[in-house]
Amino acid sequence: YSVIVHYKNSLKEAEKIVSECKNLGVEADCIQGDFSTSDSTQKFIDRYLEKFPETSYLVNNVGNYLLGTSLQTSFEEWTNLFQTNLNAPYLLMRQLIPSIKKQKGSIINIGVSGLNFIHADVYSTVYTLTKSALLMLTKSLALELAPDQVRVNMVSPGYLETSLDLPKDSSQIPLKRLGSLKEVSEMVVYLLSEKA
């Protein structure tokens, strides 16, 4: 696949990924964008479409994380999480779907484990709410876009090697080990492929 890497502030890291892709013989580029407001997200989309008019696949991996209960979360934090974790992916999907339909492409949203088993959460309440809403949007779009041969899926990993709040005791993890980014990326690549 040709790869476009989005970044907000991490230009050096994005350029490193682009360089690694090119070393593998893949066309790659990066583009800056701020998803913290609807306006800045739309400005990013406009610049993206001007530079890259054809998109076959979209992986929505952006997301802010916040620990705390509903009442410990300020309204500003609440709206910020919904903007980055739900509204921005929605705007990206909505604007890129015409091209993805033409290519009979695919969309992957990155979630969090346990979303299929809705339960009360006081650990990271608003984060879980945003990812639960993204799961329902994923399911709805999967049904809506199926007649157009567009697949929409969600990959929802548990604790990964880069997670911000790892448990002190690995016995809390059913497999007794952290997941790897390689495992997640392999699942994403499978879901993007025609084998899926």
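A contact here means heavy atoms within 4.5 Å. With that in hand, look at the protein chain: among its contacts between residues at least 6 apart in sequence, 67% join residues at least 24 apart.

A word on the model itself. It is predicted, so local features need pLDDT of at least 70 and side-chain atom pairs count only at pLDDT 80 or more, while totals for chains, interfaces and linings use all residues. Residues are numbered from 1 along each chain as its sequence is written, and side-chain values use heavy atoms, with hydrogens and water left out.

How does the overall size compare with a compact globule? For 196 residues such a globule would have a radius of gyration near 16 Å, and the 17 Å of the protein chain agrees (taken over C-alpha atoms; the rule is 2.2 Å times the number of residues to the power 0.38). Of these residues, 38% count as buried, meaning under 20% relative accessible area with a 1.4 Å probe, protein chains only.

Now turn to the aromatic rings, where Phe, Tyr and Trp (its six-membered ring) pair if their centres lie within 6.5 Å; planes under 30 degrees apart count as stacked, over 60 as edge-to-face and the rest as tilted. The count comes to five aromatic pairs. Ring pairs link Phe35, Phe44, Tyr48 and Phe52 into a cluster.

Key:
Buried means under 20% relative accessible area, exposed over 50%, partly exposed in between (1.4 Å probe, protein chains only).
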